[in-house]
Amino acid sequence: MKKNQVLFITCTFSITILTIQTFILRLLLQKEIKEEKVDPAYSSISKVISHSVKHNVPLFLIDPKILYRAHVSSDEEDHIDCHFICLGQKVLHLGTIGPLTTQFQKNSFTEALEAESFKVMQFVGFEPILQQHGLNSPIPLHFIISDNHIAIHVAFFYERPGKFWWTGGYNLKQEELHSLYEMDFKKEDLLLLLQSAAFDKMEIHSASIDKIRIFVPLQHHMFLNFPNDSKFIECNYSQAKVFFEKFGRDESDEAEIFRTKAWKLLAKAKSLLDHLKIPFWLSSGTLLGYYRECGFISYSKDVDIGIWIKDFRPEIISLFSTNDMPLIHSFGKVEDSYELSFRDNDLKLDIFFFYEEESYVWNGGTQARTGKKFKYMFSKFELCWTEFLELKVRIPCQTEDYIKANYGQKWYEPVKVWDWKSSPSNVMENGQWPLDEWPEVIQLLPLPEQT
């Protein structure tokens, strides 16, 4: 009997010890598995953000992929904790406002990172506003902060006179491009580095992503479709300088008065169309002036813009009229060769509506006296942003191709005699409006002083 009791006690003790050992082993394994799941990139990002706070270089998230995931998961909450960063993403995109930090603070930030074995690549460019005055003032455009786990791209944003944020594209050298490829940079990552971009000023607020406190743009949608809605082209100030050296600049009182009135008209039209959320671009003589002279052509005497016909809304006419820009001409119909002209005091704004075909785009023209129709054909183009006399406006990205279509190979030479029916290189006759449609397709509204 005693022998059996001893055996029972021994077995029970052994089972208990085995159970405890199994439990402890399980805990150790779970801890080891948990530790193995920690993404080393997370630690790297945490260190970079921590140093940015310590050295007053505030960073905000501009990464399209992470912003999209955060938006889909939590659209309304300020606190975001969705496990975004720890998804194996090799490149992370951040931004900072250049003028908010001194050069000393930027240097302290990079030195602290290098002390922790981070590699920092700095890409420097020039301030374009100062460059047009012959001053080459270097500014930081981008940082690449990297270690063995992740590459963090930091784009520097600067406020422009047109009240928008600009980040400059950098022309990578071959060895720099090779280094970025080794860091797993993909084509979409390089676009944020290579392409100049323009963004409306936005609000930045603090959020928590994967328990890392970081700033996030409230209007995050601006980065979701990069670079389609933000490509930026700088006006070629060097080309404009050469043009004026060769042909001179009209500085007469009449020319200066026209330039002032034209600017006010364009600014007013932009404000009204922005209110309606209708995209437009500089066209015809106004675009030629921008591209050739970075200003208005003093003898053009009007302002020209283009709008896709799909974006037309009747509210354009009523809104312009209630803001002292009455309609004075209406040609064609919405489905064919539509064109509107508005008057602002003694200056005219022409709106050309563009139609898309399979292989080209075009806008129409109508001769009031004969009802003849004309067609102006262009190769397909995309729209980019530019700054024109401190206004943020759109232009065709393929600007020179667009201008050559209108003005031919000699677009660079001033031409003061111009016939809209025959002078453009891309014009062709396009039939004639039936006589019974003239009251609809040819509307000439008299100026007030003519009544």
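A disulfide joins Cys384 to Cys397, with an S to S distance of 2.0 Å; a disulfide here is a pair of cysteine sulfur atoms within 2.5 Å. The model is predicted, so local features need pLDDT of at least 70 and side-chain atom pairs count only at pLDDT 80 or more, while totals for chains, interfaces and linings use all residues. Residues are numbered from 1 along each chain as its sequence is written, and side-chain values use heavy atoms, with hydrogens and water left out.

**Disulfides**

- The link of Cys384 and Cys397 is right-handed, with 105 degrees about the S-S bond.
- This pair links distant parts of the chain, 13 residues apart: Cys384 lies in strand 17 (residues 383–388), and Cys397 in the loop between strand 18 (391–396) and helix 13 (399–407). Helices (H or I, at least four residues) and strands (E, at least two) are DSSP runs, numbered from the N terminus.
- Cys384 is buried, with a relative accessible area of 4%, and Cys397 is buried at 17%. Buried means under 20% relative accessible area, exposed over 50%, and partly exposed in between (1.4 Å probe, protein chains only).
- The structure holds 2 disulfides; Cys235 and Cys294 also form one, their sulfur atoms 2.0 Å apart.
- The torsion about the S-S bond of Cys235 and Cys294 is about -110 degrees, so this disulfide is left-handed.
- Cys235, in the loop between helix 8 (221–224) and helix 9 (237–247), is 59 residues apart from Cys294, in the loop between helix 11 (284–293) and strand 11 (302–308).
- Cys235 counts as buried at 5% relative accessibility, as does Cys294 at 13%.
- With bonded cysteines counted along the chain, the disulfides follow the pattern 1-2, 3-4.

**Aromatic rings and charges**

- The count comes to 36 aromatic pairs. Rings of Phe, Tyr and Trp (its six-membered ring) pair if their centres lie within 6.5 Å; planes under 30 degrees apart count as stacked, over 60 as edge-to-face and the rest as tilted.
- Phe354 and Phe378 form a tilted pair, 5.5 Å centre to centre with 50 degrees between the planes.
- That pair links distant parts of the chain, 24 residues apart, with Phe354 in strand 14 (residues 347–356) and Phe378 in strand 16 (residues 372–378).
- Phe354 counts as buried at 1% relative accessibility, and Phe378 counts as buried at 4%.
- The rings of Tyr355 and Trp362 are stacked, because their centres are 4.7 Å apart and their planes are at 20 degrees; Tyr355 and Trp362 are both buried.
- Phe243, Phe244, Phe247, Tyr291, Trp411 and Tyr412 are linked by ring pairs into a cluster.
- The charged end of Lys373 sits over the ring of Trp433, 4.3 Å from its centre, and Lys301 lies over the face of Phe258, at 5.6 Å from the ring centre. A charge sits over a ring if NZ of Lys or CZ of Arg is within 6 Å of the ring centre and within 35 degrees of the ring normal.

**Helix 4**

- The buried residues of helix 4 are Gln105, Lys106, Ser108, Phe109, Thr110, Ala112 and Leu113.
- Elements covering these buried residues include helix 2 (40–54), strand 3 (119–126), strand 4 (138–146) and strand 5 (151–159).

**Confidence**

- The protein chain averages a pLDDT of 88, and 86% of the residues score at least 70; pLDDT is the predictor's confidence in each residue, from 0 to 100.
- Over residues 74–82 the pLDDT is below 50, and this stretch has 19 contacts beyond near neighbours in sequence. Contact means heavy atoms within 4.5 Å.
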